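Student: I have a structure open on my screen and I would like to learn how to read it. Could you walk me through a few features?

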Amino acid sequence: MLKRVTAYFLCLAFLTAAVPAAGVGAMVMGGGHTYYRSHTYTPADLTQYTVNSLLHSGAGLAEEHILSYSPNAGLLPVTVGPDRIFNGGLTIADAAARLRSQGLDVVGGINASFYNSNMTLIGLQIRNGTLTSFDRQNHSLPAIGFTPDGGVLLGDPGISITVSSENGDVSVDQLNKLRRPDMVCMYTPDFSATTQTTQDGLHVVIRAWSRIRPGGTTTGVVSRVLRGTSAYAIADDEVVLSASTQSAIDRLAFLTEGSEISIKVGCADTRWEDVFSAASGLHYLVRNGQVTEPPSSTRSPRTAAGVRADGSVVLYTVDGRQPGYSVGLTLTELAQRMLDLGCVTAIELDGGGSTAMFARMPGEQSAKLVNKPSDGAMRRNADFILLCNVFPASDGSAAHLFPQPAYVTMMPNSTAFFSMLATDMYYRAANTPQGWVDSYADDPNIGQSNGASFTAQHPGETSLTFLSGGAVGTARVRVAGRLDSITLTDAETGLVASEVIAAPGQSVQILASGRLDNAAVLSTPRSFVWSVEGDVGDITADGVFTASMEMGKTGRIVVTGGGLTATLPVSVGADPLVIGEFSEGLGVLSAGAGGLTAKIITDINIVELGTASAALTYAFSQTAPAAQTISMSAKAPGYPSSLHLLITGDGSGHELTVSVTSVNGAVSQVSFGKLDFTGVRYLSAELPARTASISALSLIPNGSGSLNGTFYLHQIVAAWTDNLPDKPPTVLISAPHEDGSELVYTLTATDWSGGLPKEVHVKWNGETLPSPVWDAHTGQAEVRVPLPEDGLHLLSADATDALGRRSRQVSADYYGRRETSSVIWDAANKWYTGYVDYLDDRGVIDAEDIFGLRYYNPERAITRLEIIRMLYRILDLDAASHIPLPFDDISSISSYDADAVRAVYSAGLVSGKSRQDGSLYLDPNGLMTRAELFTVLNKTLPRGYERSSLSNFSDVSDIPAFALRATQTLVGMGVVSGNADGRINPNGHVLRAEVCSLFCRFFF
């Protein structure tokens, strides 16, 4: 009997979910976008942060984040980059922390300029009023600039840099970028500690009296003129002009040591002379209210900045490269989005893995990352645009309430509870007012508010207004009349449920939750309707399932809500489950420093089930023997009540234990008893409640047993009963009957529980048939085949249970032609006639033609080479011509026979004989004994067939040790039955007729 509840919680119980179409609670916006979720927050005065989850008509799912504001003196946009541009870079979190350390209150921001692999910017950058990056080749790239009073400029500033003295002037080609041929490059301390130049060139070092600013003029004097390959170390008060090729060097010839110079930064658009911060884009997306048709591209994460007709600024990101969440946009789609958002001018900023947005949620102390970068983490970028709140300080009293959550979707009969955050009049975090909270709903028909809670009653949407201490705030509530999906979970573990396996009379609390528009929906168990199908138990309106008292019952839990139905299969008890086996390697075992060592063995005389077992070797200390351990990583799904280890013991008497971990993390030691046996048996133990995994196997010395030894672990089984069944499955085949043009067999198969075995494979004359349709109540199935030709025909059925144990049944039936007739002269009118003809028809045996009659000599003893030929043909083995043979006595055999020997040898079926000097020989013309043939056939079998004790045979002691297990297996299968006199005759020679009979029933 089962002792406790077990529930099998592995994967989602799901229903088809879809983004809602237009007209089903979704908002259709311009540009072919359907918003299925749009939330807006106020992180600062005159500022909005909006997150939109939308279905783009071309791109599909997209998740966008928008920070917008109206320029004013209380909001200061700042371009932030590393102290040194070259190989610098910082994350958006680093940039925000840098401003906070300077006393600035960061509201939010985005990544900005494009840059090269060494972090040098592609276009323009202005930081703290200083021009820090410029490239005349890219001077027409659009940029975004900000003035100290919060004003914004978007476009081409037309920057130029000219260095002049009384002897001439020169235009600077680039500022703070790696030197390029034929260019005059300028470096300031903002670039790096040195000019980073490595080739021969000229450095003109200028002591400058001020920083380089847009629209400004900096004066200075040439302090040094240097020629060489070394990089120049830039002092804080220096500007360096550098050139490498002669044409560029000649342009600097008028600058000599002591020359007084001026550096003038011109702005074709003079408005840029007042710019305090700026970053560079790459393309215009929108210009004069029209999409500019930027280059076509793949869909990627994107960042953009734009200005609306009213002067408000839009800082925009969209995540990408994350199917199922957000795929991103092309540049054309990005341009259309910026136009949809009202921008009359917009530019592309750096995107891809660089895309990042920070935003401060109302009432919180600091901004945080709000998007999901495609790299999975924040990338180090060249610069960022961060928006700072510089409104005057207030007295800190609460002016605005921000209910948490600000937006909630819930089901009828559920209650949402709200907490409160507060800000001052300028939206900086403030202390929440203490005391009462009042609230009311705009539409009381949707539900009832009660202070800081709201109970949903009917589908619809409403606003909730909250009041406390003179501060006011609102939240939006949507009561869902539909769901996209329902998920069922175990209340105790929180794990998603795919099946419930319960002990008779035991209870499991199931929780249901829904999703709508790709977001969770608040609910309670009573938001759903619960029912049970099948005689498996009952369930309450709160989702508490109580199993029936009868084992083996199956059914399902049915959960309905939001127009959907989810189901959960239920079993009262369950088949044992193999959670550890070794056919694919050590698997759940992992060698460590615990003392016990493991290796895979494939010796068919040891392996009990499958194709391999684990040999566990121990070596205790003679002076102070201590427990030895090997780590395990076996999961125990469904919380089984017992664990079973299939072990070949070594008779040492040492105690075997395992460490198990429950779902709450508690670790327990479970004893499986002593290895005081040498045969094969299951060791069993009851598990603690809610065991979820097995983490170690230990051997504890008993003080008198051997200090060194090896035992074998074949299988680890989790079960929902105290004891494992001790019988393999059974399969029976009835005598066939004709039904029209078909021959009909009835199969009956059962496993230990009286149910159907895990697998039943059926063959007709060696060809696998489709799986029959079984009647679960009777355990029967019909197998229909076309009426066959005259002769012997074979139907075989192999059954396998949940533990891998097997059984086999063969029906050999004649049809049409009399069993006594034969095309082989000396095989007629015998008990073996049909078997000889069957193999002859399939080209397995070699008959001899003598004066027009065919002879086989069926009662002659068969040779080893003849067996090899038959195996080669019947198993359709590869000739394996590349395999060298170790036998020294096969020079006289034919090339065909040599191929057969190689094939059978490489398959591991025949290994030859050994002489005293160690040489190997095949003995092809020697006769094969019954024991040798049993051993060969056993090598072709999977493990798992029941082995006979052989107690019915009087000559068991004559069986060679190498053939004992093979003989036990073949007798247990019913393939070998011995002689009429009660002997197995293991050392007797095998007749050709006997081989034909055996091979027919064994291989077909």
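This is a predicted model: local features need pLDDT of at least 70, side-chain atom pairs count only at pLDDT 80 or more; totals for chains, interfaces and linings use all residues.

Student: Let's start with helices. At what angle do the axes of H4 and H9 cross?

Tutor: To read a helix pair, look at the axes and at the angle between them. Here helix H4 (residues 833-841) and helix H9 (residues 992-1003) have axes that come within 8 Å, and they cross at roughly 70 degrees. Angles of 65 to 115 degrees count as roughly perpendicular, so that is how H4 and H9 lie to each other. Their crossing is left-handed.

Student: Which residues make the contact?

Tutor: From H4, look for Tyr835, Val836, Tyr838 and Leu839; from H9, look for Cys996, Ser997, Phe999, Cys1000 and Arg1001. Sorted by class, this contact has 7 nonpolar, 1 polar and 1 charged residues.

Student: And how do H7 and H8 cross?

Tutor: The axes of H7 and H8 also come within 8 Å, and their crossing angle is roughly 75 degrees. H7 is therefore roughly perpendicular to H8. Phe934, Thr935, Leu937 and Asn938 of H7 meet Ala966, Thr967, Thr969 and Leu970 of H8. The classes here are 4 nonpolar, 4 polar and no charged residues.

Student: Now the cores. How many residues does the largest nonpolar core have?

Tutor: A nonpolar core is built from buried residues whose side chains touch. The largest one in this model has 61 residues, and Leu839, Leu933 and Phe999 have the most contacts inside it. Strand S65 (791-800) and helices H4, H5, H6, H7, H8 and H9 each supply at least two of its residues. Which element gives the most to this core? That is H9, with 8 residues.

Student: What is Phe999 in contact with?

Tutor: Apart from neighbours within four places in sequence, Phe999 is in contact with Leu839, Ile867, Met870, Leu871, Ile874, Leu933, Leu937 and Phe1004. There is also a second, separate core of 35 residues, including Ile159, Val170, Leu202 and Ile263.

Student: One last residue, please. Is Ser693 buried or exposed?

Tutor: For this, compare the relative accessible area with the cut-off: under 20% means buried. Ser693 has 18%, so Ser693 is buried. You will find Ser693 in strand S57 (residues 691-700). Leaving aside neighbours within four places in sequence, the contacts of Ser693 are Ala634, Lys635, Ala636, Ser659, Val660 and Thr661.

Key. Residues are numbered from 1 along each chain as its sequence is written. Side-chain values use heavy atoms; hydrogens and water are left out. Axes are lines fitted to C-alpha atoms, for helices over the stretch in contact, and angles run from 0 to 180 degrees between N-to-C directions. Helices (H or I, at least four residues) and strands (E, at least two) are DSSP runs, numbered from the N terminus. Angles under 35 degrees count as roughly parallel, over 145 as roughly antiparallel, 65 to 115 as roughly perpendicular and the rest as oblique. A crossing is left-handed if the near helix is turned anticlockwise from the far one by less than a right angle, and right-handed if clockwise. Contact means heavy atoms within 4.5 Å. Ala, Val, Leu, Ile, Met, Phe, Trp, Tyr, Cys and Pro count as nonpolar, Asp, Glu, Lys and Arg as charged, and the others, Gly among them, as polar. A nonpolar core is a set of buried Ala, Val, Leu, Ile, Met, Phe, Trp, Tyr and Cys residues joined through side-chain atoms within 4.5 Å. Buried means under 20% relative accessible area, exposed over 50%, partly exposed in between (1.4 Å probe, protein chains only).
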